[in-house]
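Okay, thanks for coming, everyone. I'll walk through one structure today, residue by residue in places, so please have it up on your screens.

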Amino acid sequence: MSSTVYESRNTGTSGSFGSSEPDFGDSDEAELVSVSWNQDYSCFASGTSHGFRIYNCEPFKETFRRELKDGGFKIVEMLFRSNILALVGGGPNSQYPSNKVLIWDDHQSRCISEFSFRSEIRAVKLRRDRIVVVLEHKIYVYNFMDLRLLHQIENLANPRGLCCLSHHMNTSVLACPGVRRGEVRVEHFGLNMVQIINAHDSNIACMTMTLDGLLLATASTKGTLIRIFNTMDGTRLQEVRRGVDRADIYSIALSPNVQWLAVSSDKGTVHIFSLRVRVSGEDSHSTEHETSSNSLQSLVSPASGVNPGSSLSFLRGVLPKYFSSEWSFAQFHVPEVTQFFAAFGARNTIAIIGMDGSFYRCNFDPVNGGEMTQLEYVRFLKPEILR
């Protein structure tokens with residue numbers, strides 16, 4: 001891979017890396033700056049004040065760490081379990097700028113490319129053939145092999161860096177906020193098609209897609225409803241209710257079999273919802289974490305639990321909307337003092353990572369729901385000290 005980044009309107013070129021080359025050494029003190037899942041949720045990365053660390057979820061263990069002498073990273077984006085990571089500087093006293101992406105090859109222990117921009121980078125997303133860099137008002141899509149700029153997408157102010165990608169090689173889908181409030185833009189690059197979904201009345205706060213990119217789940221800044229859409233035609237397939245009070249949604253996750261949805265927020269509860277979207281025509285070659293959701297249908301699956309509704313739901317259209325809502329099927333309570341991010345594991349389990357440096361693994365009953373059972377708790381790193 002070339003170490004030269006082709007210049008576009010908002011990027012700079014780089015030849016040798018000079019002072020931006022990370023100088024990894026040893027550090028006894030590291031504070032947590034960020035956490036992020038890899039694409040199939042089998043492991044996660046933590047950006048620290050002195051580098052980064054990678055953890056496996058089941059069984060839980062730290063797989064490796066890289067310590068820096070002069071600062072850490074606010075973004076550590078993995079590419080499944082490969083040796084390639086995208087790094088963006090951040091955290092206390094970091095010497096690495098927040099407007100530069102470093103593509104790090106851990107096998108070679110060096111940067112193999114870098115991207116510089118004129119404004120702060122909000123997120124980086126990777127798939128095996130693409131690098132996506134998210135700024136507040138623009139998204140850049142690059143080809144991984146030659147770093148050629150392929151697409152530039154304008155969007156509404158996106159300070160959260162919202163963007164999600166498909167990860168099946170036979171689909172190339174990107175979802176991001178649109179140019180209007182509550183709008184999601186879905187790019188089907190392989191089909192040369194754009195689908196605009198009017199998802200919410202308020203701004204988009206969180207979103208996720210299935211690995212094949214055919215199913216999208218969204219929440220707004222109001223944080224009461226989560227909606228599931230077919231990305232091909234924009235059809236709303238289901239709507240579930242987290243609660244009545246406004247909340248800040250931290251994460252949305254879809255189970256690999258598209259049977260369950262998990263939501264975490266600042267209210268201190270991780271909710272599990274049963275999905276009424278049945279998968280038909282699954283790819284027989286897919287793995288546990290790579291299912292296909294083509295031919296999506298809004299059907300009740302007899303194998304799944306049913307989200308509880310109000311006893312007054314028969315008065316739909318007469319009483320306020322929340323009386324006819326689908327509420328969560330299972331729940332797990334976490335402290336409200338920090339952000340938590342949930343993902344599905346194997347055998348009806350949920351993994352939860354927190355910005356307080358905690359890791360939970362829980363089990364939910366797929367028939368009866370209710371309170372989840374805690375299986376594991378690990379304190380893997382201390383949080384960044386408040387200044």
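Let's start with Arg 65, which you'll find in strand S6, residues 60-68. One caution before I go on: this is a predicted model.

Now, the aromatics. How many aromatic pairs are there? The count comes to 22. One of them is Phe 344 with Phe 364, an edge-to-face pair with 6.4 Å between the centres and 75° between the planes. That one ties together distant parts of the chain: Phe 344 belongs to strand S29 (residues 340-344), while Phe 364 is in the loop between strand S31 (358-363) and strand S32 (370-371), 20 residues apart. What about their exposure? Phe 344 is at 4% relative accessibility, so it counts as buried. Phe 364 is buried too, because its relative accessible area is 1%, and the cut-off for buried is under 20%.

Next pair: Tyr 360 and Tyr 377. Their ring centres are 5.0 Å apart and the planes sit at 55°, so this pair is tilted. It also links distant parts of the chain, with Tyr 360 in strand S31 and Tyr 377 in strand S33 (residues 373-379), 17 residues apart. Tyr 360, at 9% relative accessible area, is buried, whereas Tyr 377, at 39%, counts as partly exposed.

There's also an aromatic cluster to find: Trp 37, Tyr 41, Phe 44, Tyr 55, Phe 60, Phe 359 and Phe 380 make up one cluster. And while we're on rings, go to Phe 80. The charged end of Arg 128 sits over that ring, 4.0 Å from the centre.

On to the cores. The largest nonpolar core has 21 residues, and the ones with the most contacts inside it are Val 101, Phe 117, Ile 121 and Ile 131. Which elements give two or more residues to this core? That would be strands S8 (84-89), S9 (100-105), S10 (110-117), S11 (123-127), S12 and S13 (138-143). Apart from that core lies another, of 18 residues, and Phe 329, Ala 330, Ile 352 and Tyr 360 are among them.

Strands S12 (130-134) and S16 (173-177) are the elements that give two or more residues to the lining. By class, the lining has 6 nonpolar, 1 polar and 2 charged residues.

Then there's the second largest pocket, at about 250 Å³. It has 14 lining residues, and Asp 201, Lys 222, Thr 224, Leu 225 and Arg 227 are the closest to its centre. Here the elements giving two or more residues are strands S21 (225-230) and S22 (236-241). The lining of this pocket divides into 3 nonpolar, 6 polar and 5 charged residues.

That's my tour. Over to you.

Conventions:
Residues numbered from 1 in each chain as written. Predicted model: local features only at pLDDT ≥ 70, side-chain atom pairs only at ≥ 80, totals over all residues. Heavy atoms only, no water. Phe/Tyr/Trp six-rings, centres within 6.5 Å; stacked < 30°, edge-to-face > 60°. Helix = DSSP H or I, 4+ residues; strand = E, 2+ residues; numbered from the N terminus. Buried < 20%, exposed > 50% of the residue type's maximum accessible area, 1.4 Å probe, protein only. Lys NZ or Arg CZ within 6 Å of the ring centre and 35° of its normal. Nonpolar A, V, L, I, M, F, W, Y, C, P; charged D, E, K, R; others polar. 1 Å grid on protein atoms, 1.4 Å probe; cavity = no way out; pocket = protein on both sides within 12 Å on 5 of 7 lines; lining within 4 Å. Points joined across faces, edges and corners; volume = space filled by probe spheres on them. Core = buried A, V, L, I, M, F, W, Y, C linked by side-chain atoms within 4.5 Å.
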